[in-house]
Structures are given as structure tokens and as C-alpha cells.
Amino acid sequence: MSSTSSQRAVYARIRSNPRFAELVSKRQGFATLLSVVVLTIFYGFFMVVAFTPNVIGQRLSEGSYVTVGIAAELFMFIFFWVLTAVYVKRANGEFDDITTEIVRDAAKEVK
Amino acid sequence: MLARLNVLLLGLLAPALSFAGDAISATEKQPLNLHAIGMFVLFVSMTLGITYWAAGRTKSAADFYTAGGGITGFQNGLAIAGDYMSAATLLGLTAMVYSKGVDGYIYMIAFFAGWPIILFLMAERLRNLGKFTFADITSYRLNQNKVRTMAAVSSLTVVCFYLVAQMVGAGQLIKLLFGLDYTIALFVVGALMMVYVTFGGMVATTWVQIIKACMLLAGGTLVMILAMSQFGFSFENLMTKAISVHSLGEKILFPGSLLPDPVTALSLGLGLMFGTAGLPHILMRFFTVTNAKEARKSVLYASGFVAYFFNVILLMGFAAIIIVGQNPEFFEGGNIAGKIIGGGNMVAMHLAKAVGGNLLLGFLSAVAFATILAVVSGLALAGAAAISHDIYARVIRQGKATETEELRVSKLSSVGLGIVAIVLGIAFEKMNVAFMVALAFGIAASANFPVLILSMYWKGLTTRGAVIGGYVGLVAAVLFVLLSKSVWVTVLGNAQALFPYDQPALFSMPLAFLVTIIISKLDNSAEAQAERAQFDDQYVRAQTGFGAAEASAH
């Protein structure tokens, strides 16, 4: 899939725009941070399941059947989903605004 | 007996998202279920109506493969949920919570946790770089012939194994739920799938998946609410009773026999997470939306529905321990210590009958059938796209095929895949096909995912590295599953497994990454240099969406 020469010119202009580098490092940094949070919690939980399964079944309080495992999992379902919402909000708002601006500037200058 | 049950449940669930394991427990034909058939006929008429409408809107290749790229994030989120949650989710996971307790919940979080990662690392780049198939992305700056052929081969392998597993499961399930003959059931599923895909393409497939997702969410929620009302909507009340009657007692709160060792647990987690991110029919859904914004929203909605439904399943499973497990009506010979009528996978169905009578049972049966149709249609479409778009249009005709020719080939391929699915489904009727889904996920995580993610993130990737690494991942995943207990011992009848774990991903995926990276690094050919040079433009497009495939106007 090859790009046309005018597309290539736009790509070159976008690359030379310092805002592009800023966008990429901001967004990639944010996405990486969130991924690390999810992966750490998820595999951390799996390590507990694998190596100290007894912790999973411990009750949070006497007389309640909400255990560490059930509470931790419910937390993960909700927290991970909230993280996706946070990412979508920031990417579709702040990051996409910068993107639109960068592309518009580059396309204008090439013409 | 207990060990066999574990194998059965593992077979059912470890390979994820399929009810392939149903095939292991030979099902008995049940009496004709008229409520279920009535509701199913209603569903089929509705979807055929949509297919007729969709056929009028399916004119170009873009319409056929990606519904013209005009699906909204919300619609696509529902469709992804419909594509992702198979009958295994409803039947298998409910059964797992019912018999094993919290183990089922641990599996569910593994099914779920891949979605945020797909959003953070892939969704936007998939939409910005892809057009019809994920091979559009991997071959973006690499050798079209070689990379597309490799991607198509591994896609088709994944689709075929997944499809056969679904078909065998479908035949068994329908025999059980509707009282239809196995062969007839396969023909019904295969024929409907061909009609949806051939005439309605992605538009019809998307709507079948959306309707099915709504039915599944509504049906599950209704059963859960009716069941929980028997416990005054109190989780404590529910658990007190469940623990007092369950044969495992308090042990249902602890991880049990389904995650026997750390290696299996980790391999399962990796395979589910990254296998999902390499399934061709799931990846294809990202090309149906208007732009990267909508692609991100799709994941938000899809993961919300999936997370919600898994928690519904947890409550259904625990409630079934009392409502189904203590009711002699649902056991063979009325003995609650004995076998459940229709096998373990029927727990969700029995629960529906117990709380909502024959009407709710009929509805849930129709939901299960709709689920099968939605999943096999998505698979067939992804397979057809690999044949017609990647192999025929790009490799054989070198991009010179007209749209009409490409469309004709894709429709023929859908019919061909339907026939293959029916024939193989019949051939494998009596066989344990659980390994096929393990294989599909293993290949997706080992052959598709590493090349896909490296092509988007790593400038150094070359054709030679991608092709050799991809094939190594494919072969390694196949070999590890072949030599594991689920095939080497259970299917082929050998005494000892040569590969000790049923889940290949922990080994085959890093191997594929390693080989791809090393071969790419060693590749100093002129082509490799040119391929690396093209990364910068691809990178800008991936990040900004400039030059990305646009939605076609209607």
C-alpha cells in the first residue's frame, strides 16, 4: 500500500512539527502507564491465585461472604473499565484535538 | 470421575469462548422444545429480514467486508460483545461457578482483562492502518505476497479450527435444547450462516451480532433478577445457603483444581489476553467503524457489556447451586447426588426453567442458538476476507482484480467455508474437539499477534523476520497442542503427554517474538532497508489517521 507523493509530503511536514512529537510522547506515555497498571494488577492477582491460593478465600470481615478474591475481582472489573473510560475521554478529546490541528496545518502548508 | 469432570470443564473453558467442550459430554436428544423453536423462528425471520435489507446495501467490497466503515462505536461495541461472548460464556461459565465456585470468576477476569490492553495499545492503530483484514496492516510496508500469504494461512487456520469447534458444539447443543437431529442442526446452522454472510456481508453479520448481544444481555439479566429475588437480593443470604448445600462447602470460595500450577495459570492468562488480540474476526470489527474515535468507543462499550455480563453469570452460577442443585426435577432419576439431566452445561437452562418456566427456558435456548449463529457468521466472514482480499485479490491477481471479481470470490469463499464447516462438523461429531479452540487461541497469540504488534510498533521489522517468525509461531502452537495431554493422550490415546501443559501461549508466543526480532535484526538486504525506511510514514498515519481508509458514503 503505497502513499501518493502529496501524502508523503504531508507525512514529512507532520513529522517535523514539534507538536507531533509532543502528541505521540504524551499519548504513548499515557497508554503505556495504563497498560502497566492493568498488567501489574492482573498478573499480580494471578500470582496470588497461583502461589498463595488461601488468601483468595479469606473473608474481608467476620460473618460476611465477600472474600478477598471476590472483592479483588469485582474491583478489577470496575477499575479496568473505568481506566478504559478515562483513556477514551482523554484520547477522543485532548489528544484528538491536537491531532486534528497538526493534520490541518500540515495539509494547508503542503497545498 | 472428578478428574474427568475437571478435564471436561478445562476443555470447555480453558480454551475460552467456545462451547467446544460440550462435545465431550455426549448429549442426549431431548424432546422437541416448542417454545424454544417458536422463539428461534422469530429470531431467524428477523435476521433474514435484516439480511434482505442489508443485501440491498452491500454493493462494494467495502460494504461487504466492513459495512462501508459506517458503523458507530456503540453499535460496534454491542457487535463485538456479541462476537466475543459465545454460548460457552452463558452455559460453560455458569456451569463452572455452579460446580467449582470462585474458579469460574477467575476465568472470567482473564477473558475480560485483554480488552483494556487492546484499547491502549492497538485499537487506534488498527483503525488508522487497516482496511479490510489485519494483513493490510502487517503487509503495509512489507512484501505483499509473502506477508499476506502468511497472514492468510494463519487466519484461515484459526478460523477453521474455531469454526469446526463451534459447529460440533452447536450440533450437540441444538440436539440438547431443541431435540433436533445432530446432522440437521449442522445443516441449519451452516445454511443460515451462508445466507447471512453471502447476501448480507458485514452489515447483516453486524446486526445479527447486535441483536444476539441484546438478547443475551436481556435473557441473562432476567434470569439473574428472578433468581436473586428468591434470596431477597442479598449476596450474603445467597452465599450462606450456597455454601451450606454445596458438596465443596467453603471451598467454593477458594481457587481449586482448575488452575493446578503457576505455569498453567500464567499461560492461560497470556493466551486469553493476547489470543483475543490476534483473532481475525475480532480484529476485523475494528475496520467497520468510521474513525479512531469510534474504534476507541467500541472497546469502551464492548468491555462494559462483557464485564457486566460476567458478573451476572457469577450470580446465576451461585444461585443455581441452590435453585437447581437442590431440585430433584433436574437430576436423572430425581437423585440430587447424581447426574444433572442433559449434562453440566445445562445448569443455566435449568435455572431459567426453575425461575421462569418453559417460556424463559425457550427464550434462553433461542439465545444460545442465536449466539452460535452470530459467532460462526463472524468467523466465516473473516475467513472469506482472508481468501478473497488477501490471497485472491492481492497475491494471485496482484491487486488487479476488479471489485466485482473480488466480491464474487468472497461470496464463493463464504459458501465454501460453510460447506467445509458442515462436513468437518459431521466428521468430528464423536471426537473431542476442545483442543481445536486451544489451538485457535494459541495460533492467534503466537502467529498473528506478535507480527501485528511489531509491525505497528517496531521500525526494525522486515519481511523475512515477519514471515519466518509468523510461521514459527504457527508451527510451535500447533506442535505444543498436538503433544499436550488434550490431543496426545485424550485424542490419540498415548499414555504420556510429551508437552506437559495444555496451554501453549507462554512458550510459543515468546518464541515467535524472539525469532521475528532476531531474523529481522540479521536481515540487511536492500528490501529490508527500504522497509525500515517506510516505517516513518506508516507511523505518522498510525498516530494521526491521515490517509486512513474513509467510510464510504451511502
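The second largest cavity of this predicted model is lined by F132(B), T133(B), F134(B), S155(B), P280(B), M284(B), F287(B), A382(B), A385(B), A386(B) and D390(B). About 70 Å³ of space lies inside this second largest cavity. The cavity count, at 30 Å³ or more, comes to 6. Chain B carries 22 helices and 0 strands, and two of those helices, helix 10 and helix 15, are kinked or bent.

**Second largest cavity**

- Two helices of chain B, helix 13 (280-284) and helix 15 (347-396), each supply at least two residues of this lining.
- Helix 15 of chain B gives the most, with 4 residues.

**Largest cavity**

- The largest cavity holds about 90 Å³ of space.
- Its lining counts 14 residues.
- Nearest the centre of the largest cavity lie Q28(A), Y87(A), F120(B), E124(B) and R125(B).
- The lining draws on both chains: helix 2 (18-51) of chain A and helix 7 (114-129) of chain B each supply at least two residues.
- Helix 7 of chain B gives the most to this lining, with 7 residues.
- The lining of the largest cavity divides into 9 nonpolar, 2 polar and 3 charged residues.

**Helix 15 of chain B**

- Which residue marks the bend in helix 15 of chain B? The bend is at G356(B), and its angle is about 140°.
- Helix 15 has 50 residues, yet its end C-alpha atoms are only 50 Å apart.
- A straight helix would reach 74 Å at 1.5 Å a residue.
- Helix 15 is mostly covered, with 39 of its 50 residues buried.
- After helix 15 comes Q398(B), which has a positive phi, near 55°.
- Helix 15 is also the main contributor to the lining of the second largest cavity, with 4 residues.

**Helix 10 of chain B**

- Where is the kink in helix 10 of chain B centred? The kink is centred on G200(B), at about 130°.
- Helix 10 runs over residues 182-229 and spans only 37 Å between its end C-alpha atoms.
- A straight helix of 48 residues would span 70 Å at 1.5 Å a residue.
- Helix 10 is mostly covered: 34 of its 48 residues are buried.

**Chain B overall**

- Chain B has 22 helices and 0 strands.
- The radius of gyration of chain B is 23 Å, close to the 24 Å that the globule rule gives for 554 residues, so chain B is as compact as a globular protein of that length.
- The C-alpha trace of chain B spans about 75 × 50 × 45 Å along its principal axes.
- Of the 554 residues in chain B, 65% are buried.

**L266(B)**

- L266(B) sits in helix 12 (residues 262-276) of chain B.
- Why does L266(B) count as partly exposed? Its relative accessibility is 23%, and the partly exposed class lies between under 20% for buried and over 50% for exposed.
- L266(B) is 33 residues from F233(B) in sequence. C-alpha to C-alpha, L266(B) and F233(B) are 35 Å apart in space.

Conventions:
Residues numbered from 1 in each chain as written. Chains lettered and ligands numbered in written order. Predicted model: local features only at pLDDT ≥ 70, side-chain atom pairs only at ≥ 80, totals over all residues. Heavy atoms only, no water. 1 Å grid on protein atoms, 1.4 Å probe; cavity = no way out; pocket = protein on both sides within 12 Å on 5 of 7 lines; lining within 4 Å. Points joined across faces, edges and corners; volume = space filled by probe spheres on them. Nonpolar A, V, L, I, M, F, W, Y, C, P; charged D, E, K, R; others polar. Expected span 1.5 Å × (residues − 1). Bend = angle between axes of the 7 residues up to and from the residue. Buried < 20%, exposed > 50% of the residue type's maximum accessible area, 1.4 Å probe, protein only. Rg over C-alpha atoms; globule rule 2.2 N^0.38 Å.
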